[in-house]
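Have a look at it first, and then we can walk through some of its details together.

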Amino acid sequence: MSTIVVEGVEVDTRHWINGERVASATTFTDVSPIDETPLGEIAAGGPAEVDAAVRAARAAFPAWAALPVAERSAVLRRVADGIDARAEDLARVETRDNGSLLRSHRRGVMPRVGMNFRYFADWAESLRHDDREIRGHRERITYDPAGVVAVITPWNAPLMLATWRIGPALAAGDTVVVKPPEWAPLTASLLADIAHEAGLPPGVLNVVQGTGAEAGAALTRHPDINRLSFTGSVPTAGVIAAAAAPNIVPLSFELGGKSPLLVFADGDLDLAVGLAVEQFDNAGQVCLGAFRLLVQEGIAEEFLARVIDRASALVQGDPRDEATDVSALVSRAHFERVRGFVDRAVAAGAKPLLGGGPNAALGGLYFAPTILAGAEPGSEILTEEVFGPVLTFQTFATEAEGIAMANSTRFGLAATLVTGDPGRAERVSARLNAGTVWVNCFFVRDLGAPFGGNGRSGIGREGGDYSFDFYCDIKNSVFSPGGWTVSHGEAELGAVSYREAERRAVSHGEAEQRTTETDGTDA
Ligand code: NAD
């Protein structure tokens, strides 16, 4: 069977390589977290499929890169239109596949998926190609397409996170091989259909399905990729970095977090309570989630009582139901991982103020929203990423203590701060170790802004120009004033050797200046 029907939508379960569907001899089973039912068998790629996809991407690269940027962007806008037109299909399939809320997909996620193409298509058209004069020389800085980009993505927001990388890479003129997550592989297949219908040439976007150990590993060690963009966990990032190292492939890593919600007594308590409860979205399977509640003494009791009250009223259940607030965890393995973190924390002395284990009424993969207090400073539950609906609660006395606690992990993805004092907002945000700091808000970000993490949370930044810095080879061409031949009264760039150019420069009386510019510091 090469297609399955999920929520009424036909999905091809094969790879998409060089504009064609390709099967594999082996498959893996895709299971829905909602009720743990199998959705179908998905092609499990390995080195052969990855190699075919990289070759296809390589072959498609010159023509795609040479296309005028306006034409490339026009194709990408048609892809965005196709995504918008099929947003409901994509939302339903994604919900069934990874268990995240249908209402979130409808309202926020799928519109953002289309935007990942449209925004970067626009940005590519306005990309700077600087020309500047410098001491008589002309310097031209160009952003050249880098080549074949490997994209590896996680399951918690698979299509949104894949397109956040694919959009700018294609807009930059690169070609792409994407390896979707084995826990939620389906929407990537629909994206291939949409891109094809929008007129994306064969080989420009390739999808190789499969596990991380087989397809993922083969892609990361492939010698003919030029960029590797990975979103996922820290342990996997370490394995990928080692695999890519011999080929000196530039990496962009968006990894995990253990971010704080730092609430000061002078802040808006209603806002702080609302932000704390929001952390149960997507059952806590959000990299940016502010899972450590750090609350200033004085308001801590009231804050906690109100958070528990609000969180107790959250509706847990089937994510297809619009009334559901908290859904299931993605897989049995992940469920056991989350349960292990909570059990170990409780055994070590932490107290569950809410939840603390599976939702007994629902069974399956539904883990109850949980708040733990009293964990030992430095303990696992306060320092390691759980990636589930588990918040910890701690108090602090002074601003300095709050900052120290906020910065007390090896992660540095995001930090959220609630305060009513503008001076404190400035002081504290400046000292928080995080790629993104939100002050009295959460999850707001323009796609032009830099996004990424410090420490264990990643390598590099993407968004706006930062994406193009990664997906392009940036070149500085310096044109000597002596490096021109003159024919028929017009200047044209000639094949002039460095020595010849220097000789002409000397004859133009610029010897002294050139000596200072070419004293070997750039060699
Ligand atoms: P994961 O690291 O287990 O898997 C991510 C991807 O890597 C999957 O496609 C997987 O198949 C692949 N993979 C696994 N082993 C591989 C290998 N040896 N070689 C190549 N590829 C391999 O992560 P996950 O459990 O899917 O996702 C959750 C993690 O992702 C969390 O840590 C979360 O914080 C992080 N995340 C980060 C961001 C961000 O933007 N910073 C966003 C979402 C999720």
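How far does a polar side-chain atom of Lys 179 lie from an oxygen atom of the ligand, and what is that distance in Å? It lies 2.6 Å away. That makes a polar contact, a term used for a pair of N or O atoms within 3.5 Å; within protein, one atom must be able to donate a hydrogen and the other to accept it, and residues adjacent in sequence count only if both atoms are side-chain atoms.

Before going further, keep in mind that this is a predicted model, where local features need pLDDT of at least 70, side-chain atom pairs count only at pLDDT 80 or more, and totals for chains, interfaces and linings use all residues. Residues are numbered from 1 along each chain as its sequence is written, and side-chain values use heavy atoms, with hydrogens and water left out.

## Around the ligand

| Residue | Atom on the residue | Atom on the ligand | Distance |
|---|---|---|---|
| Lys 179 | polar side-chain atom | oxygen | 2.6 Å |
| Ser 233 | polar side-chain atom | oxygen | 2.7 Å |
| Ala 217 | backbone N or O atom | nitrogen | 3.4 Å |

Taken alone, the ligand exposes 850 Å², and the protein buries 88% of that. Those accessible areas come from the Shrake-Rupley method with a 1.4 Å probe; for residues, only the protein chains shown count as cover.

Which elements give two or more residues to the shell around the ligand? They are α7 (212-220), β12 (227-231) and α8 (234-244). With four residues, α7 gives the most. Helices (H or I, at least four residues) and strands (E, at least two) are DSSP runs, numbered from the N terminus.

There are 29 residues around the ligand, and the ones that come nearest are Lys 179, Glu 182, Ser 233, Leu 255 and Glu 385. A residue is near a molecule or strand if one of its heavy atoms lies within 4 Å of it. Sorted by kind, the shell divides into 15 nonpolar, ten polar and four charged residues. In that sorting, Ala, Val, Leu, Ile, Met, Phe, Trp, Tyr, Cys and Pro count as nonpolar, Asp, Glu, Lys and Arg as charged, and the others, Gly among them, as polar.

## Rings and charges

Now for the aromatic side chains: the structure holds 13 aromatic pairs. One of them joins Phe 470 and Tyr 471, edge-to-face, at 5.0 Å centre to centre with 75° between the planes. Rings of Phe, Tyr and Trp (its six-membered ring) pair if their centres lie within 6.5 Å; planes under 30 degrees apart count as stacked, over 60 as edge-to-face and the rest as tilted. Both Phe 470 and Tyr 471 are buried, where buried means under 20% relative accessible area, exposed over 50%, and partly exposed in between (1.4 Å probe, protein chains only).

Elsewhere, Tyr 119, Phe 120, Trp 123, Trp 164, Phe 451 and Phe 468 form one aromatic cluster.

## Some single residues

Is Asn 116 buried or exposed? Asn 116, found in helix α4 (residues 102-125), is buried, with a relative accessible area of 0%. Its side chain reaches the backbone oxygen of Met 160 at 3.1 Å. Ser 73, in helix α2 (residues 69-85), counts as buried at 0% relative accessibility, and a polar atom of its side chain lies 2.8 Å from the backbone oxygen of Ala 121.

Two loop residues deserve a look. Ile 248 has a phi near 50°, a positive value in a residue other than glycine, and it is found in the loop between α8 and β13 (251-254). Ala 283 also has a positive phi near 50°, in the loop between α9 (269-278) and β15 (290-296). Ile 248 counts as exposed at 71% relative accessibility, whereas Ala 283 counts as buried at 1%.

Finally, Glu 197 lies in helix α6 (residues 186-197) and is exposed, with a relative accessible area of 62%. The C-alpha atoms of Glu 197 and Val 79 are separated by 8.0 Å, and these residues are 118 residues apart along the chain.
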